[in-house]
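Here is a short tour of one structure, with a look at its core and at some backbone angles. Have the model open as you read.

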Amino acid sequence: MKLHSLIAAVLLAAAASAGAVPVHQYASTLKGFSSEYVPDNASWNAIQVLGAPDTFQYGDHGTAWAPATQNSGQEWISVGFDTAVYANGATIRETYHNGFVYQIDAIDTLGNLHKVWSGVDTSTANVPFDFSVAWATTPYLVSGLKVYVNTNHSASWEEIDAIRLLGDTIAPELPEPGSLALMGLGLGLAGFLRRRRAA
């Protein structure tokens, strides 16, 4: 097991044993965005990502957010949530030209950004899809998310219907000195360092 995976496992186990209460919530406020498509009404505006999903068919629907133009490079949208949590995951509901998310930042209660995920968006094509990612529970409270979109992913617009944050109400706790979890973490670190020296 890689070191970061071992640390994540220990932190997640500690949080679970501490009686953390899971909280899953959809975005309630709009913090900012790089651009939005602006017709004569609110269709495709950034506010369309707020609340629970309401786009149930795949395609170009005004009930989802779309950036101002097609193929405009990197765009982003930032949202807030009613309850700050120790975050461990997010779900981005994609409803048009899926597969475009490349980074997610957590926003702490002081407004600082923390990159919590980056990689390849593996969303299924041609259907509304909930793209879910997970990370080790943050040691800080998270009150928002910033989602980055590659609008060059397709020849048309990329659209997001909703953004959900997953987390716990109780902070992850490090194991007590001498505990089996901490001993395991120490052994994993020692093995990792030995392999690094031998390389």
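## The nonpolar core

The largest nonpolar core has 28 residues, of which Val101, Ile104, Trp135, Leu145, Ile160 and Ile163 touch the most other members. Such a core is a set of buried Ala, Val, Leu, Ile, Met, Phe, Trp, Tyr and Cys residues joined through side-chain atoms within 4.5 Å. At least two residues of this core come from each of β3 (74-96), β4 (101-108), β5 (113-118), β6 (129-134), β7 (142-150) and β8 (159-168). Strands (E, at least two residues) are DSSP runs, numbered from the N terminus.

This is a predicted model, in which local features need pLDDT of at least 70 and side-chain atom pairs count only at pLDDT 80 or more, while totals for chains, interfaces and linings use all residues. Residues are numbered from 1 along each chain as its sequence is written, and side-chain values use heavy atoms, with hydrogens and water left out.

## Around Ile163

Beyond its neighbours within four places in sequence, Ile163 is in contact (heavy atoms within 4.5 Å) with Gln25, Tyr26, Ala27, Val49, Ile77, Val79, Phe81, Thr91, Ile92, Leu145 and Val147.

## Two positive phi angles

Most residues other than glycine have a negative phi. Histidine 97, in the loop between β3 and β4, has a positive phi near 55°. Asparagine 126, in the loop between β5 and β6, also has a positive phi, of about 65°.

How accessible are they? Histidine 97 is partly exposed at 22% relative accessibility, and asparagine 126 is exposed at 56%. Buried means under 20% relative accessible area, exposed over 50%, and partly exposed in between (1.4 Å probe, protein chains only).

Terms used:
Helix = DSSP H or I, 4+ residues; strand = E, 2+ residues; numbered from the N terminus.
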